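Thanks for making time this morning. I'll walk through one structure, piece by piece. Have the sequence and the model open as I talk.

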Amino acid sequence: MRARILVVDDDRSMCELLSERLSANDFEVNTCQSALEALEALEEQDFDAVITDLNMDGPSGIEFCRRCKENRPNMPVILMTGFGDMGAAIGAIRAGASDFISKPIEFPILEHALERALGERHLREQVKRLKQSEVPRVESIGALIGTSRAMHVVYDLIRRVAATETTVLLSGESGTGKELVARALHELSGRSSARFVGINCAAVPGELLESELFGHTRGAFTDAKDGRVGLFEQASNGTLLLDEIGEMPLEMQPKLLRVLQERSVRPVGGNVSVPMTARIIAATNRDLEEEVEKRPSAKICSIDSTWSRSTSRPCAPAAMTSCSWPTTS
Ligand SMILES: Nc1ncnc2c1ncn2[C@@H]1O[C@H](COP(=O)(O)OP(=O)(O)OP(=O)(O)O)[C@@H](O)[C@H]1O
Ligand SMILES: [Mg+2]
C-alpha cells in the first residue's frame with residue numbers, strides 16, 4: 001500500500017512541486033495551505049506522515065506539529081525551515097518533529113528523511129501491536145502476592161532460577177518473604193513432587209544441628225537410642241531450606257562444604273555416605289558479605305568458592321551471591 005503524505009505550505013507552488021515529486025516516487029499526496037486546513041484534513045483521514053512549512057499564516061509549523069503530536073504521537077512530522085535557522089530547528093524537535101530540512105528543498109534529502117520517518121513509525125506500530133498481544137503478566141507466584149514492578153522482577157527471577165539446579169542464597173530484611181520465595185522456587189522446579197524441608201538454623205542448638213542435618217546412627221552418642229534420618233536425606237530430590245544461615249555455628253562450615261562439594265552425607269556415627277540429592281536454598285536477613293568483610297576470620301575461602309561456582313552459571317540471578325558464614329560470637 002502506498003504511503004499517504006500530507007504536505008502543508010502556504011506557498012501553493014511549493015505544494016504543487018512537492019506533490020509532483022513525491023507522487024512520482026509512489027507516495028499518495030494531499031496538500032493544504034494552512035495549519036488549520038491541515039488539522040481538518042487530519043480529522044477526516046489518516047496520513048502516514050506530514051511535511052509542513054514552518055512560517056505560515058495562522059498557527060506556525062511548530063504549533064501545528066505540537067497539535068498533530070497530541071493526538072497522533074506515532075505520525076511523523078517533518079518541518080521545512082529556512083536555511084541555517086537553528087532556533088527553528090531546535091523548536092521543531094522540541095515540538096516532536098521527526099526531522100527538519102532546510103529550504104530550498106533538496107529532494108534526495110527530503111525523500112531520505114521521509115523514508116526514515118516512515119520506517120520509525122512502522123517500528124513503533126509493530127512494538128505497539130506486540131505489546132497489545134503480550135501474554136498478561138502473572139500477578140503472583142505461589143503464596144507471594146504483589147503486582148509492583150519490583151515484584152515482577154522477583155517473579156521473573158524465581159522462574160529463571162527454579163528451572164536450574166543451582167544452590168541459592170536468599171538475602172533480605174526480616175519479613176520480606178524469603179521463606180515464600182524458597183517455597184515458590186521449590187514449587188516451580190522439577191523437584192515439586194518431592195519434599196520441601198526447612199530448618200531454622202537459629203532455633204536448633206549448635207550441638208544438635210549436625211545430627212539434625214546429617215542424621216545419626218543408633219548409639220552414635222549417649223542419647224541416640226535409635227538411628228535418625230537427617231534433613232539432607234529427608235529432602236532427597238526435593239529442596240532443603242537452611243533458614244537464618246547466618247546464625248549457623250562457624251564449625252559447621254567445613255562439614256557443609258563437604259556436602260556441597262561431594263554431594264553426599266554421612267550420618268553422625270556412621271561410616272557409609274549416602275548421595276545428597278536435595279537442592280540447597282539458604283536464607284538470611286543479615287548482610288553476610290559485609291559481615292565477612294568486617295571479620296575476615298569468619299570466612300572459609302573454599303566454601304566461598306563453592307558458592308561462587310553456583311553463581312557462575314549463565315542464568316545465575318543477582319540474588320545468588322557467593323557467601324560464607326560470619327561468626328555469631
Ligand atoms: N510478597 C508477599 N506476598 C504475600 N505474603 C508476604 C509477602 N511478603 C511477605 N509476606 C508475608 O509476610 C510474612 C513474613 O514472610 P516470611 O516469613 O517469608 O519472611 P522472611 O523474609 O522469611 O522473614 P524473616 O527474615 O523474619 O524470617 C509471612 O506471613 C508472609 O506470608
Ligand atoms: Mg524467614
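**Strands, helices and a ligand shell**

Start with one strand pair. Strand E12, residues 239-243, pairs with strand E15, residues 279-284, in the parallel sense, over four bridges. Look at Leu242: the residue standing opposite in E15 is Ala282. A quick reminder on pairing. Strands of a sheet pair through backbone hydrogen bonds, either parallel or antiparallel.

Now widen the view. Which sheet holds these two strands? An open sheet of four strands, in the order E8-E15-E12-E9, with parallel pairing. The edges are strand E8, 168-171, and strand E9, 196-200, and each of them pairs on one side only. From one strand to the next, the twist averages 20°.

Before going further, a word on confidence. This is a predicted model. The mean pLDDT of the chain is 84, and 86% of the residues reach 70 or more. Residues 299-329 are another matter: the pLDDT there is below 50. That stretch still has 68 contacts in the model beyond near neighbours in sequence. Where pLDDT is low, the predicted coordinates should not be read in detail.

Next, the chain as a whole. There are 329 residues, and 33% of them are buried. The chain has 12 helices and 15 strands. Take the contacts with a separation of 6 or more: 66% of those join residues 24 or more positions apart.

On to strand E1, residues 4-8. Why call it largely enclosed by the rest of the structure? Because four of its five residues are buried. E1 runs parallel to strand E2, residues 28-32, and five bridges join the two. One of the pairings to find on screen: Ile5 has Val29 as its bridge partner in E2. And a general point while we're on strands. In a regular strand the side chains alternate between the two faces of the sheet.

Now helix H8, residues 206-214. Which residues are buried here? Leu209, Ser211, Leu213 and Phe214. After H8 comes Gly215, with a positive phi near 80°.

Stay with helix H9 for a moment, and pick out Gln234, which sits in that helix. Gln234 has 17 C-beta neighbours inside 10 Å, so it counts as partly exposed. Leaving out residues up to four places away in sequence, Gln234 touches Arg195, Val197 and Val229. Thr277 is 43 residues from Gln234 in sequence, yet the C-alpha to C-alpha distance is 9.9 Å.

Last stop, the ligand. How many residues surround ligand 1? The shell has 13, and the closest are Ser174, Gly177, Lys178, Glu179 and Asn285. Two elements give two or more residues to that shell: strand E7, 144-145, and helix H7, 178-188. Which element gives the most? H7, with three residues. By type, the shell around ligand 1 divides into four nonpolar, seven polar and two charged residues.

The four-strand open sheet runs E8-E15-E12-E9, with parallel pairing. H7 gives the most residues to the shell around ligand 1. And over residues 299-329 the pLDDT is below 50. Over to you for discussion.

Key. Residues are numbered from 1 along each chain as its sequence is written. Chains are lettered from A and ligands numbered from 1 in the order in which they are written. A residue is near a molecule or strand if its C-beta atom, placed from the backbone, lies within 6 Å of it. Ala, Val, Leu, Ile, Met, Phe, Trp, Tyr, Cys and Pro count as nonpolar, Asp, Glu, Lys and Arg as charged, and the others, Gly among them, as polar. Two strands pair if DSSP finds at least two bridges between them. Axes are lines fitted to C-alpha atoms, for helices over the stretch in contact, and angles run from 0 to 180 degrees between N-to-C directions. A residue is buried if 20 or more other C-beta atoms lie within 10 Å of its own, exposed if 12 or fewer, and partly exposed in between; C-beta atoms are placed from the backbone. Two residues are in contact if their C-beta atoms, placed from the backbone, lie within 7 Å. pLDDT is the predictor's confidence in each residue, from 0 to 100.
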